[in-house]
Structure formats: C-alpha cells, structure tokens
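Dear colleague,

Please find below the structure that I am handing over to you, with its sequence.

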Amino acid sequence: MQTKYILDEKDIPKKWYNILSEMPNKPHPPLHPGTIKPIGPEDLAPLFPMALIEQEVSLEKYIDIPEEVLNILTMWRPTPLYRAHRLEKAIGTKSKIYYKYEGTSPAGSHKPNTAVAQAYYNKKEGVKKLSTETGAGQWGSSLALAGSLFGLEVKVYMVKVSYEQKPYRRALMEAWGANVVPSPTTETQAGRSILEKDPNSQGSLGIAISEAVEVAAQNADTKYSLGSVLNHVLHHQTIIGEECIKQMQMTGDYPDVVIASAGGGSNFAGIAFPFLREKIAGKNIKIVAVEPTACPTLTKGEFSYDFGDTVGLTPLVKMYTLGHDFMPPGIHAGGLRYHGMAPIVSQLYHDSLIEALSLEQAKIFEGASIFAKNEGIIPAPESAHAVQGAIEEAKKADEEGKTKTILFNLSGHGHFDMSAYTQYFSGKLEDSTLSEIKLKESLSSLPVV
Ligand SMILES: Cc1ncc(COP(=O)(O)O)c(C=O)c1O
C-alpha cells in the first residue's frame, strides 16, 4: 500500500511544455485596447521582459528551463504524488484517488513555479522592480519570495478585502521584503478613478491588475508580473504535470480523470496540459476544471473579447469572461474570483477538449474538511475545489458501478485561510451563486470588437 511517489532531484523536468504548439485551434490574437488591432511584441515591451514575450508567442513544443531556475525549483521540487488511501476509505469509494501536492513550496502553493522563472528573466534583462496584484495573497507571496531570491524589489497591490482578512499573508510578503498596499489605492490613476466612484470599494483582482500595470507602464525600471492567465505562466506550470506523468508511471495506474481548480487557469494548465498532450495523441482522459458558483467563468461566462483588468488598460483577449467590471462576492477562495480565464484554457474548453464544473462554497469546505481529517493536509480554499471535484467524480463512478483512477492537483495548503475554516465550522459560511440578473448586468459591459 504505497502512499507517496517521490522523484529524485535529478528527475526534475528540464523543459516546459507549450500546448500552443499542438492545439487544434489556436487562441485568437490579443488586441490593442486603443486600436483594436492585433498587438505586437513592442506593445508588450513596457510591461514584460523580451524573453517572456517570446515565450508568450512561441510555437515551439518545448522550452528549456534555465539552469538558474532549476537550481531554485529544486529547493522544493519535485513535489510528491500521494495515493489518498484514507480519503478513499472515508468516502467508501472503489475508485483510486491520487493527488499531486504543490503546497510544499515555501509560499505554500504552485505559484512560485512561475514566480521564480519570471523573476529570473526580469533580472537578466536589468529590471530593478516588479509590480503585481494579489487576491488571496498566494501569488503576491510567491513573487515576494522570488524577488528576494533574485534581489528584485517587489510591489504588491493586494485586493483590499483580502488585505484585511489575511494579515499573515501580508506579513509573509513583508518578511520576504515586498511592499504591500491595499488596492484600490490613491497612488495610481486607476485606483483614484475607482475610489471616486466608490470610496468604500473592497477591491477586486481586476482593479489591482489595473494599478500594477499602470505603475509598470509609467516607470522604466519596473515591469509587471502576472501569476496566471498568460501563455508563458501556463507553460511554466507544466512542470507539475510533467513530474506527474513520471509519478503515475511509478504507480502502475493511469488517470481516467484529471481535475484541478481554475481561477485564471494556471494550476489547472500545470497538471492538465501534459496529459492533454497524451489526450490529443489518442488517450481517453476526462479533464475537468472546477470553479466556484460565485464566479462561474467557464460554466456561465461568454467566450468573447474582453479586458484582462477592470479599468481597461490591458490588451483585449478572447476568453470566457463574466465581464471586466464583474465584482465577485467575497468568497474565501480569493484566487478563484477573477472575471476571466486564460485564453488557452478558454479555447480548449470551447473546443470541448476539457470540461468544467462549478461548486458551492459550503460543499467545498465539506470536502476540504473530510480531506483534512483523513489525509492530514489542510487544503487552500482554492485547492479544495479540486478535492470536492475528485470526491464527486469518485461517487459518480461508484453509482455507475465503475472503478476509476482519479488524479487531482492539490495546488496549495490553507494555513493562512483558517478563518474561513472557522466560519465553516461555526455554520456561518454562506453560499453565493451568481444570479442571472447580475450575470447579464456584468456581461453588458463587454467591449464591442
Ligand atoms: C492555492 C491556489 N490554487 C489555485 C489558485 C487559482 O489560480 P490558478 O487558476 O491560476 O491556478 C490560486 C490563486 O491564487 C491559489 O492560490
């Protein structure tokens, strides 16, 4: 009854996988927000270093991971793959459940996989400062960590509601040397324009992105860094699935179903894309992205061109979106409150290569607490969507009299999210499903392209 499948440090993947190289339909080109014409590398140059812009548009199947990046990733990678024997027993399933655990990174999630790579390329091109946004704080702390390892200054615009709810995430970022401010701020034009309309704004990822982008666009020594959504971020995360393919070989099983939570799409891409490579080559695998009913981007959104931020500073991208001024309710899975979805993930969903499922918050915490009581690890509220997705998949297989092998990505731990668990245990946690009226209202702001 083996529980952990561990790779040797020397077996860490040396290349990222670029699914763009073999997608049947490529994502639509990003458009300039002013001219509505496809953007070129020069339009992105004020925001990103050239090496990342090249990765953004690359059609090479594999991208070499630089030695310096691998040296840092081996501080916690390869990460373990677990067989969830105790969870299987607790829910009484005949199926086999495996999970890849990304919470072993210093910041506690998958986000440092790309933070380290992004900090490396920025440092190499002489950048001094990185600006970014963060919701729950997982991304901000990952970039703070990477910035401290490469000697870069990091400025984090943290969504105000999370800044107030999660003082220890903020403290973690500060411990790694980052400067953290609650967004919207009065420091930027974007922040001031939001506060003029709503002085009590609790902020959103879309607003924080507007602030961080504005600062990078206006300062020559500063670039912007994004923790999800963009093609290069998704490529960097494929190290998860590449490790997992080797680890599944060690188990002697092969997944029938691969599941991950999806906010902007990066941890989903990380575990799913290497398996999608095998699906495109003929394997029969069901691949599921799980999102909250409070922010149901794939399951209820429109496949349309939209801004990546609230104010409209970023290029227009074709993606599933709830509308760029969608204000998500303050659910605890802060990392799943983004109005859009990665263009690559959106196109794959549009082409039916992947599926999506939305779940209620209380159900998520029910699954997370069964998992915690049996497997020991406290899942981050975002990751708990994948946990519950896997439980439901196993139960469905039992009802159908089938035995499946289910693999999910446990993208992070919830040690900084204990107040959410306290609320759940005291019965105070509320479900919030996006209403049709609110959805219609936020979709009405979609730009006409
Ligand atoms: C632990 C964890 N999982 C998942 C997510 C969702 O983001 P993504 O869809 O980019 O993986 C986040 C975002 O902050 C997160 O912190």
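The ligand is surrounded by 21 residues, of which the closest are Q138, S228, G263, G335 and G412; a residue counts as near a molecule if its C-beta atom, placed from the backbone, lies within 6 Å of it. Two or more residues of this shell come from each of α6 (138-150), α13 (266-280) and α17. The largest share, three residues, is that of α13. Helices (H or I, at least four residues) and strands (E, at least two) are DSSP runs, numbered from the N terminus.

Please note that this is a predicted model, in which local features need pLDDT of at least 70 and side-chain atom pairs count only at pLDDT 80 or more, while totals for chains, interfaces and linings use all residues. Residues are numbered from 1 along each chain as its sequence is written.

The seven-stranded sheet

An open sheet of seven strands, with mixed pairing, has the order β1-β4-β5-β15-β10-β11-β14; two strands pair if DSSP finds at least two bridges between them. Its edge strands, each pairing on one side only, are β1 (4-5) and β14. Helix α13 packs on this sheet and touches β5, β10, β11 and β15, and its direction makes about 155 degrees with that of β10. Contact here requires C-beta atoms, placed from the backbone, within 7 Å; angles run from 0 to 180 degrees between N-to-C directions, and axes are lines fitted to C-alpha atoms, for helices over the stretch in contact.

Within the sheet, strand β10 (residues 257-261) runs parallel to β11 and is joined to it by five bridges, with S261 having V290 as its bridge partner in β11. Strand β5 (residues 96-101) is mostly covered, with five of its six residues buried. A residue is buried if 20 or more other C-beta atoms lie within 10 Å of its own, exposed if 12 or fewer, and partly exposed in between, the C-beta atoms being placed from the backbone. Strand β4 (residues 81-83) runs antiparallel to β5, the two being joined by three bridges, and L81 stands opposite K100. With strand β15 (residues 405-410), β5 pairs in the parallel sense over six bridges; here K96 has T405 as its bridge partner.

The four-stranded sheet

A further open sheet, of four strands with parallel pairing, has the order β8-β7-β6-β9. Its edges are β8 (179-183) and β9 (222-224), each of which pairs on one side only. Neighbouring strands of this sheet are turned by 25 degrees against each other on average, direction ignored. Five bridges in the parallel sense connect strand β7 (residues 153-159) with β8, and K155 has N179 as its bridge partner in β8.

Helix α16

Helix α16 (residues 361-375) has 15 residues and reaches 21 Å from its first C-alpha to its last, close to the 21 Å expected at 1.5 Å a residue; the expected span is 1.5 Å times one less than the number of residues. Its buried residues are Q361, I364, F365, G367, A368, F371 and E375. Seen down the axis of α16, these fall within an arc of 160 degrees, so they line one face of the helix; the arc is that of the directions from the helix axis to the C-beta atoms. On the other side, A362 and K373 are exposed. The cover over the buried residues includes α4 (85-91), β11 (286-292), β14 (355-359), α17 (381-399) and α18 (418-425). After α16 comes G376, with a positive phi near 95 degrees.

Yours sincerely

Note on methods: Contact = placed C-beta atoms within 7 Å.
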